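Here is a short briefing to read alongside the sequence and the 3D view.

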Amino acid sequence: MPKITYISNAGETRTVDTSVGMTVMRTAIANAIPGIDADCGGSCACATCHVYVDPAWFDQLKPAETAESDMLDFVIDREPTSRLSCQIEITDALDGLVVRTPATQH
Ligand code: FES
């Protein structure tokens with residue numbers, strides 16, 4: 001069973017189980033991970049599921065599609081490894097993925 005580690009802006013770390021086909025956002029919501037609002041429910045329309053992907057993992061993700069890249073233009077404090085967690089689908093290859101949540105989603 002794949003695992004995802006979430007690191008809060010304050011440095012608190014939680015590692016939770018997920019499953020192939022889930023997203024990083026849905027896993028966070030299911031486990032009450034703070035710092036991910038996901039106002040649009042995963043439709044790539046709100047950008048309140050912004051995360052920073054650990055640099056060691058960033059290149060293993062499928063590249064962001066145009067809609068995601070466009071939405072990322074609206075996030076505060078965008079960084080080179082910024083992604084929308086609703087658009088990161090879990091695969092076996094992503095077992096151990098590490099993401100960090102931003103200070104704010106607004
Ligand atoms: S949940 Fe709205 S863009 Fe990801």
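Leaving aside neighbours within four places in sequence, which residues is Ile 88 in contact with? The model is a predicted one, and in it Ile 88 is in contact with Met 22, Thr 23, Val 24, Val 51, Val 53, Leu 61, Arg 83, Leu 94 and Leu 97.

- As background, nonpolar side chains in soluble globular proteins tend to be buried together.

**Largest pocket**

- The volume of the largest pocket is about 320 Å³.
- Sorted by class, the lining holds eight nonpolar, five charged and three polar residues.

**Salt bridges**

- The count of salt bridges comes to four, and three of them are described here, starting with Lys 3 and Asp 17, whose closest N and O atoms are 2.5 Å apart.
- That pair links distant parts of the chain, with Lys 3 in strand β1 and Asp 17 in strand β2 (residues 13–17), 14 residues apart.
- Lys 3 counts as partly exposed because its relative accessibility is 37%, and Asp 17 is partly exposed too, at 39%.
- Arg 83 and Glu 68 form a salt bridge through their side chains, at 2.7 Å from N to O.
- Here again distant parts of the chain are linked: Arg 83 belongs to strand β4 (residues 82–84) and Glu 68 to helix α3, 15 residues apart.
- Buried means under 20% relative accessible area, so Arg 83 counts as buried at 5%, and Glu 68 counts as buried at 3%.
- Arg 100 and Glu 79 also meet in a salt bridge between their side chains, at 3.1 Å from N to O.
- Arg 100 lies in strand β5 and Glu 79 in the loop between α3 and β4, so this pair ties together parts that are 21 residues apart in sequence.
- Arg 100 has a relative accessible area of 31% and is therefore partly exposed; Glu 79 is partly exposed, also with 31%.

Methods: Residues are numbered from 1 along each chain as its sequence is written. This is a predicted model: local features need pLDDT of at least 70, side-chain atom pairs count only at pLDDT 80 or more; totals for chains, interfaces and linings use all residues. Side-chain values use heavy atoms; hydrogens and water are left out. Contact means heavy atoms within 4.5 Å. On a 1 Å grid over the protein atoms alone, a cavity is a set of points where a 1.4 Å probe fits but cannot get out, and a pocket is an open set with protein on both sides within 12 Å along at least five of seven lines; lining residues have an atom within 4 Å of a point. Grid points are joined across faces, edges and corners, and a volume is the space filled by probe spheres set on the points. Ala, Val, Leu, Ile, Met, Phe, Trp, Tyr, Cys and Pro count as nonpolar, Asp, Glu, Lys and Arg as charged, and the others, Gly among them, as polar. Helices (H or I, at least four residues) and strands (E, at least two) are DSSP runs, numbered from the N terminus. Buried means under 20% relative accessible area, exposed over 50%, partly exposed in between (1.4 Å probe, protein chains only).
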